[in-house]
Amino acid sequence: MARGPTLLLEKAFVGGLVCGVDEAGRGPWAGPVSAAAVILETNPRKVPKGLDDSKKLSAKTREALEPEIKARAVAWGVGFASVAEIASLNILHATGLAMRRAIEAMAVKPAFALVDGNYRFPLPCEVTTVVGGDAKSKSIAAASILAKVARDRLMVEMDALYPGYGFASHKGYRAPIHAEALLSLGPCEIHRMAWGPVKLALMGKDPLMAFDDAMGRAEFEFG
């Protein structure tokens, strides 16, 4: 059996190009959600080595793979949905918006999309969902890397705009330094105000308690 993602799912489609689609930043307390779409060559020798679920790779490995994916892919695109769009649409539909923008940003349009997860987003091509797709499909794995690197880079930029929160280190996710900053500084413009931890901070309570609170858990659920 093959270890790690393969191109078997991509090769199962006929009649058009197949892109892999994945997101990053669904659960953080701050910052946008990002998504990427990638069309890879079906010849394994033309695909970057080491592709895998971005969460399994170090930041250094992801950053090394990013330019290689972009150089060797048939096409790729990255899209974002802002904190304001997350607030107005909810995180589920904002994720779908980021995915649609990623596909629309591609120089070559796909006929099919392999989307990580089990939710069938309305995208500008046929959609097949793949649970655990970033560990099964090389194109989804490549998309997960591009989405993660793009969002991490943006959050480093946000650290300069909104100093004191530690965005460069935790990228807006749950972390003690983030919780302490929320309590001392209050939320900034890129915090997700509907998120349980941010609400707790506004009440003067420890944001880290949100994971033990039913309301906080509900706001982190997806789908």
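Is Asp53 buried or exposed? In this predicted model, Asp53 has a relative accessibility of 7% and therefore counts as buried, since the threshold for that class is under 20%. The residue takes part in a salt bridge with Lys55, in which the closest N and O atoms are 3.2 Å apart. Lys55, by contrast, has a relative accessible area of 66% and is exposed, and both residues belong to a network of salt bridges that also includes Asp134.

Across the whole structure, the search returns nine salt bridges. One of them joins the side chains of Asp152 and Arg62, with an N to O distance of 3.7 Å. Because Asp152 is located in helix H5 (residues 138-161) and Arg62 in helix H2 (residues 59-72), this pair ties together parts of the chain that are 90 residues apart in sequence. Asp152 and Arg62 are both buried. A further salt bridge is formed by the side chains of Glu23 and Arg26, at 3.4 Å from N to O; here Glu23 is buried, with a relative accessibility of 17%, whereas Arg26 reaches 31% and is classed as partly exposed.

When residues up to four places away in sequence are not counted, Val21 touches Ala36, Ala37, Met99, Ile103, Ala113, Leu114, Val115, Asp116, Ile140 and Ala143.

Val83 was examined separately as a position in helix H3 (residues 83-89). With a relative accessible area of 15%, Val83 falls under the 20% limit and is therefore buried. Once its neighbours within four places in sequence are left aside, the contacts of Val83 are with Gly31, Pro32, Glu189, Ile190, His191 and Arg192. The C-alpha atoms of Val83 and Ala94 are separated by 9.0 Å in space, the two residues being 11 residues apart in sequence.

Definitions and conventions
Residues are numbered from 1 along each chain as its sequence is written. This is a predicted model: local features need pLDDT of at least 70, side-chain atom pairs count only at pLDDT 80 or more; totals for chains, interfaces and linings use all residues. Side-chain values use heavy atoms; hydrogens and water are left out. Contact means heavy atoms within 4.5 Å. Helices (H or I, at least four residues) and strands (E, at least two) are DSSP runs, numbered from the N terminus. Buried means under 20% relative accessible area, exposed over 50%, partly exposed in between (1.4 Å probe, protein chains only). A salt bridge is a side-chain nitrogen of Lys or Arg within 4 Å of a carboxyl oxygen of Asp or Glu.
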